[in-house]
Amino acid sequence: MYKQVTYSGMLWLLAAQLIVMLPFALNLPFWLIPVMLFSAGWRLRVIKSGISQPSKSWKFGLVGVGIIGLLLSGLTFPSLEAMSALLLLGFAFKSLEVVQKRDALVVIFTGFFLIALQFLYNQSISAALYGMLCMAILTAALIGIQQTIAEYSAKQNLLFNLNTAVFMLLQCL
């Protein structure tokens, strides 16, 4: 049984992270999106080129800078916005640590929680449709991380994962 996350599974995971974090940019500090992109880029370089994982001192430094950034963002502690931003910061930094499937599952389940959290900020029909899109992408990422070999081309794999995710979610209605 393969426990490592494949490159295509990691791409699904990072796409899901990005799409889940985007609506929060309207209400929370925008710099959280570049932090997630930086973490994702570092993780993709680790998988693709085999460079080493960031050391614990790097991780502690990044978390420290992130928390200082939250403090300087003008958010009042404790508040919904501050705690949401802290959860998003952890969600963004989690991509640095995703090595095994269980780590990816933590990211996906946190993403589902963040979709629900997003409805505290916006309860419109468009937000509901965007939430459904996020759920489809997260479910496709859940399917994508379970695949261990590349049986299909990238396009076939994309369509298979999306079709399966949408079919699974349509059964919930």
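**A walk through the helices and their core**

Let's start with confidence: among the elements of this predicted model, helix 5 has the highest mean pLDDT, at 93, while helix 2 has the lowest, at 84. Over the whole chain the mean pLDDT is 86, and 96% of the residues reach 70 or more.

Now for the inside. The largest nonpolar core has 46 residues, and those with the most contacts inside it are Leu 13, Val 20, Met 21, Phe 24, Leu 88, Val 98 and Leu 114. Helix 1 supplies the largest share, eight residues.

Setting aside residues up to four places away in sequence, Leu 88 touches Met 21, Phe 24, Leu 28, Leu 32 and Leu 114.

Leu 88 also takes part in the packing of helix 4 against helix 2. The axes of these two helices come within 8 Å and cross at roughly 20°. Angles under 35 degrees count as roughly parallel, so that is how helix 2 runs relative to helix 4. On the helix 2 side, the contact is made by Leu 32, Val 35, Met 36 and Ser 39; helix 4 brings Ala 85, Leu 88, Leu 89, Ala 92 and Phe 93. Helix 2 passes helix 4 in a right-handed crossing.

Next, look at how helix 3 meets helix 4. Their axes come within 11 Å and cross at roughly 155°. With anything over 145 degrees counting as roughly antiparallel, helix 3 and helix 4 are therefore roughly antiparallel to each other. Helix 3 contributes Leu 62, Val 63, Gly 66, Ile 67 and Leu 70 to the contact, and helix 4 contributes Ala 85, Leu 86, Leu 89 and Phe 93. This crossing, too, is right-handed.

Finally, a stop at Gln 118, which lies in helix 5. Is Gln 118 buried or exposed? Its relative accessible area is 7%, and the cut-off for buried is under 20%, so Gln 118 counts as buried. Leaving out neighbours within four places in sequence, Gln 118 is in contact with Pro 23, Phe 24 and Ala 127. You've met Phe 24 already: it is among the residues with the most contacts inside the core.

Methods:
Residues are numbered from 1 along each chain as its sequence is written. This is a predicted model: local features need pLDDT of at least 70, side-chain atom pairs count only at pLDDT 80 or more; totals for chains, interfaces and linings use all residues. Side-chain values use heavy atoms; hydrogens and water are left out. A nonpolar core is a set of buried Ala, Val, Leu, Ile, Met, Phe, Trp, Tyr and Cys residues joined through side-chain atoms within 4.5 Å. Buried means under 20% relative accessible area, exposed over 50%, partly exposed in between (1.4 Å probe, protein chains only). Helices (H or I, at least four residues) and strands (E, at least two) are DSSP runs, numbered from the N terminus. Contact means heavy atoms within 4.5 Å. pLDDT is the predictor's confidence in each residue, from 0 to 100. Axes are lines fitted to C-alpha atoms, for helices over the stretch in contact, and angles run from 0 to 180 degrees between N-to-C directions. Angles under 35 degrees count as roughly parallel, over 145 as roughly antiparallel, 65 to 115 as roughly perpendicular and the rest as oblique. A crossing is left-handed if the near helix is turned anticlockwise from the far one by less than a right angle, and right-handed if clockwise.
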